[in-house]
Amino acid sequence: MVEHALNPIRQSFHEHCAAGMVYVVGRAVTRLCVPCTVRIFTVAMADALAKVPDAEVDPEGTFKYILVRIKVKDGTEYKDIVRGTKSAGQYHNHIFEKVTPPITALGLECNCLGGGKIEHNSKDKKLRVFGESTGYGKADHSVSVEKLKSVFKDYEITWSDDKE
């Protein structure tokens with residue numbers, strides 16, 4: 001069997017396709033078959049999804065939030081995330097504009113599913129999700145709460161369709 005010059009993840013995917021070698025800048029690299037390349041790409045993109053935190057919100061106060069679906073480009077794998085901050089000012093799209101560049105840099109796509117507000121009381125360990133975005137519509141607050149629960153495990157987290 002040809003020695004593999006790639007990492008262990010790639011190695012395990014393509015033991016069967018090591019029939020040839022390719023020389024890149026004087027260094028031998030094992031050739032990958034198309035199915036193995038697709039598997040490696042899928043694992044890498046799933047890994048990129050896993051690295052994105054489920055929720056990131058300001059540590060205190062009442063502020064706007066959005067629910068965003070991040071997805072592997074041209075793939076079916078996705079993850080929903082919550083982002084909220086006072087720095088958004090009056091508009092939910094300011095949050096989306098901050099979220100999009102680092103996500104696309106990972107090779108993923110972003111789509112805003114809606115928005116609302118979060119009231120964060122860190123002293124009492126409470127989060128309240130409510131309201132809606134004029135531009136994006138109302139986020140599915142029940143999904144947002146599940147994402148928040150994965151990060152704020154010892155918090156009381158509630159939601160309502162109340163506007164305020």
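Is histidine 120 buried or exposed? At 4% relative accessibility, histidine 120 counts as buried. The close-ups below start with an overview of this predicted model and then come back to that residue.

**View 1. The whole chain at a glance.** The protein is built from four helices and eight strands. Read from the N terminus, the elements go α-β-β-α-β-β-β-α-β-β-α-β. Of its 164 residues, 38% count as buried. The protein exposes about 9400 Å², and carbon and sulfur atoms supply 55% of that area. If you take the contacts with a separation of 6 or more, residues 24 or more positions apart account for 59% of them.

**View 2. Histidine 120 and its surroundings.** Look for histidine 120 in strand S6, which covers residues 108-121. Histidine 120 counts as buried because its relative accessibility, 4%, is under the 20% cut-off. Its side chain makes a polar contact of 2.9 Å with the side chain of tyrosine 155. Setting aside neighbours within four places in sequence, histidine 120 also touches a run of residues made up of Val57, Asp58, Pro59, Glu60 and Gly61. Phe63, Lys126, Leu127 and Phe152 are in contact with histidine 120 too.

View 3. Serine 160 sits in the segment after strand S8 (156-159). Its relative accessible area is 17%, so serine 160 is buried, given that the cut-off is under 20%. The side chains of serine 160 and aspartate 162 are joined by a polar contact of 3.3 Å. What else does serine 160 contact, leaving aside its neighbours within four places in sequence? Those partners are Arg128, Val129, Phe130, Gly131 and His141. Phenylalanine 130 is 30 residues from serine 160 in sequence, yet their C-alpha atoms are 5.2 Å apart in space.

**View 4. Strand S5 and the strands beside it.** Strand S5 (residues 78-85) is mostly covered, with seven of its eight residues buried. Which strand pairs with S5 in the parallel sense? That is strand S3 (residues 55-57), through three bridges. Here you can find alanine 55 opposite valine 82 of S5. Strand S4 (residues 61-72) runs antiparallel to S5, and eight bridges join the two.

**View 5. The S4-S5 hairpin turn.** S4 and S5 make a hairpin, with five residues between them.

View 6. In soluble globular proteins, nonpolar side chains tend to be buried together. The largest nonpolar core here has 16 residues, and the members touching the most others are Val68, Ile70, Ile81, Ile103 and Leu108. Helix H2 (34-51), S4, helix H3 (93-105) and S6 each supply at least two residues of this core. There is also a second, separate core of 15 residues, with Val57, Leu67, Val129 and Val145 among them.

**View 7. Zooming in on isoleucine 103.** This residue is one of those touching the most other members of the largest core. Apart from neighbours within four places in sequence, isoleucine 103 is in contact with Val52, Ile70, Ile81, Leu108, Glu109 and Cys110.

Note on methods
Residues are numbered from 1 along each chain as its sequence is written. This is a predicted model: local features need pLDDT of at least 70, side-chain atom pairs count only at pLDDT 80 or more; totals for chains, interfaces and linings use all residues. Side-chain values use heavy atoms; hydrogens and water are left out. Buried means under 20% relative accessible area, exposed over 50%, partly exposed in between (1.4 Å probe, protein chains only). Contact means heavy atoms within 4.5 Å. A polar contact is a pair of N or O atoms within 3.5 Å; within protein, one must be able to donate a hydrogen and the other to accept it, and residues adjacent in sequence count only if both atoms are side-chain atoms. Accessible areas come from the Shrake-Rupley method with a 1.4 Å probe; for residues, only the protein chains shown count as cover. Two strands pair if DSSP finds at least two bridges between them. A nonpolar core is a set of buried Ala, Val, Leu, Ile, Met, Phe, Trp, Tyr and Cys residues joined through side-chain atoms within 4.5 Å.
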